Each structure stands twice: as C-alpha cells, then as structure tokens.
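Reader: Please go through the side-chain pairs, the backbone and a ligand site in this entry, with the cut-offs stated.

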Amino acid sequence: MISIVITTCNCAIDQSPKAVRKWAKTLNPANQKLTKLHFFCHHLHGATATTIAKATSTDASPTFFGLLDTRDDPLTLGPEESSERLGYAQGISAAASLEEISSFDPFTFVFTSKEHNGSTLAALGSCPISRPSCEAAVVGGSGGFRLARGSVTSKSYYMNFTTGKAILEISVVALHY
Ligand SMILES: *[C@@H]1O[C@H](CO)[C@@H](O)[C@H](O)[C@H]1NC(C)=O
Ligand SMILES: *[C@@H]1O[C@H](CO)[C@@H](O)[C@H](O)[C@H]1NC(C)=O
C-alpha cells in the first residue's frame, strides 16, 4: 500500500498554487530584482554523477557522442566540500557534439540554505571542454526566483580526470520577481 503524506513545505517562500496566484496579481515590471550568487559545485563521477545511457556508437566516438549522465552535485559557499551547503545542481549532461567534447546540460539549482530554501533556478547550456569557462542561460525559476532569466558562468577550480572529481566555481546573475 502506498500512503502519501502531505506536509507543508518549510520553504522560505509559499509555493502553493493559491500563493502563486496571489503573487501573480502583484506583478509589476518595475519591481524586478537583480540577484548575484557565487558558489562552488562538487562533482564526483560514480558518486554525485552517474552514467544513465549510452548509444551503441558512443565507444567508437572521439567525442563520446550519445553519452548521458545524471547528476546531483552539492553546492557550497566556499571551495571546500565542508563549507556551508547552499543546495544542489540536479540535472543531466549529454555529450552532444560530433566535433568536440561538449556537453548539453539542462539542470536545476535547488537551493536549501535558509534565504533561498525551496527556491530553484533552471539553466540550460552547452559547455565545450576546450573552453576555459562556459556560460549557460538562466531560463526560469521558482519560489524567490520566479520568472528568472539571466546568466550562469562556470569555470574549473579543480579537476582530476583519473578520479572523476571536479570542483566548479559558479557565478549567477539573474533578474526575477
Ligand atoms: C528547508 O526546507 C526544508 C523542507 O521544508 C526543511 O526540512 C529544512 O529544515 C529547511 N532548511 C532551512 C535551512 O531552513
Ligand atoms: C588525481 O588523482 C590521482 C589519484 O588520487 C592522483 O594520483 C593524481 O596525482 C591526481 N592528479 C591531479 C592532477 O591532481
């Protein structure tokens, strides 16, 4: 038997349908907010990320074309994994280029720290491994980041291909209501 327990979310912002309807009535373009965030993302292949699918041709591809991973990487305020936890980057990465190693990453930043607890930012982008940094688009958000749009830039802070560990330094600039 499956029982569904409905609990109220202890989110920083009320995200119930009724609360969102009420919020929409107060929308005014003059009230847009600009938020800048800076944090680190901890990626470890085999732990916070795993391969979920692969094409039969992937092994023969120099760019791993057709490889699909899913991830749930912790986000922290500082570069150490023990530093304050801000949330998670949850999403998928698809090796999506035939010409270079490049991932297509649709993902959500799920915030769990006090101020943004329960709010999310949705991002989309392509990230060629040859670039020193890459930029993705903020395409939306929820909770305190409703109607968000903006930019996410990331660059490598630490990378070890042998262990599959990577720490990315991430900056977000987003306009939202
Ligand atoms: C964030 O919300 C969750 C879910 O309601 C709650 O369990 C958690 O204690 C909250 N965290 C903070 C830091 O307020
Ligand atoms: C990567 O990790 C391996 C195994 O722990 C280690 O031997 C190697 O020195 C590391 N390389 C870099 C560049 O940190």
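The questions and answers below take these topics in turn.

Author: This is a predicted model, in which local features need pLDDT of at least 70, side-chain atom pairs count only at pLDDT 80 or more, and totals for chains, interfaces and linings use all residues. Residues are numbered from 1 along each chain as its sequence is written, chains are lettered from A and ligands numbered from 1 in the order in which they are written, and side-chain values use heavy atoms, with hydrogens and water left out.

Reader: How many salt bridges does a search of the whole structure find?

Author: Side chains of opposite charge can pair when their charged atoms come close. The criterion is a side-chain nitrogen of Lys or Arg within 4 Å of a carboxyl oxygen of Asp or Glu. Searched in this way, the whole structure has 3 salt bridges.

Reader: Which residue forms a salt bridge with D73, and is D73 buried or exposed?

Author: The partner is R71, with the closest N and O atoms 3.4 Å apart. R71 has 22% relative accessibility and therefore counts as partly exposed, the classes being buried under 20% relative accessible area, exposed over 50% and partly exposed in between (1.4 Å probe, protein chains only). D73 has a relative accessible area of 0%, so D73 is buried.

Reader: How many residues apart are E81 and K165?

Author: The side chains of E81 and K165 meet in a salt bridge of 3.4 Å, N to O. This pair links distant parts of the chain, with E81 in the loop between β3 and β4 (85–95) and K165 in strand β9 (residues 165–176); strands are DSSP runs of E, at least two residues long, numbered from the N terminus. E81 is partly exposed because its relative accessibility is 45%.

Reader: What is the angle between the planes of F107 and F109?

Author: Rings of Phe, Tyr and Trp (its six-membered ring) pair if their centres lie within 6.5 Å, and planes under 30 degrees apart count as stacked, over 60 as edge-to-face and the rest as tilted. By this rule the count comes to 6 aromatic pairs. F107 and F109 form an edge-to-face pair, with 5.0 Å from centre to centre and an angle between the planes of 85 degrees.

Reader: Which residues form one aromatic cluster?

Author: F109 also pairs with F111, and that pair is tilted, at 6.3 Å centre to centre and 40 degrees between the planes. F109 is buried because its relative accessible area is 1%, and F111 counts as buried because its relative accessibility is 3%. The cluster consists of F39, F107, F109, F111 and F145.

Reader: Where is S119 found, and is S119 buried or exposed?

Author: Beyond neighbours within four places in sequence, S119 is in contact (heavy atoms within 4.5 Å) with residues including F109, F111 and F145. S119 is found in the loop between β5 (102–111) and β6 (120–128). Its relative accessibility is 2%, so S119 counts as buried.

Reader: What value is phi of F64 near?

Author: F64 lies in the loop between β2 (49–53) and β3 (68–76). With a relative accessible area of 42%, F64 is partly exposed. Phi is positive in this residue, which is not glycine, and is near 60 degrees.

Reader: Which residues surround ligand 2?

Author: A polar side-chain atom of N160 lies 2.3 Å from an oxygen atom of ligand 2. The protein covers 30% of the 360 Å² of accessible area that ligand 2 has on its own, by the Shrake-Rupley method with a 1.4 Å probe. The surrounding residues, with a heavy atom within 4 Å, are Y158, N160 and T163.

Technical notes. Helices (H or I, at least four residues) and strands (E, at least two) are DSSP runs, numbered from the N terminus. A polar contact is a pair of N or O atoms within 3.5 Å; within protein, one must be able to donate a hydrogen and the other to accept it, and residues adjacent in sequence count only if both atoms are side-chain atoms.
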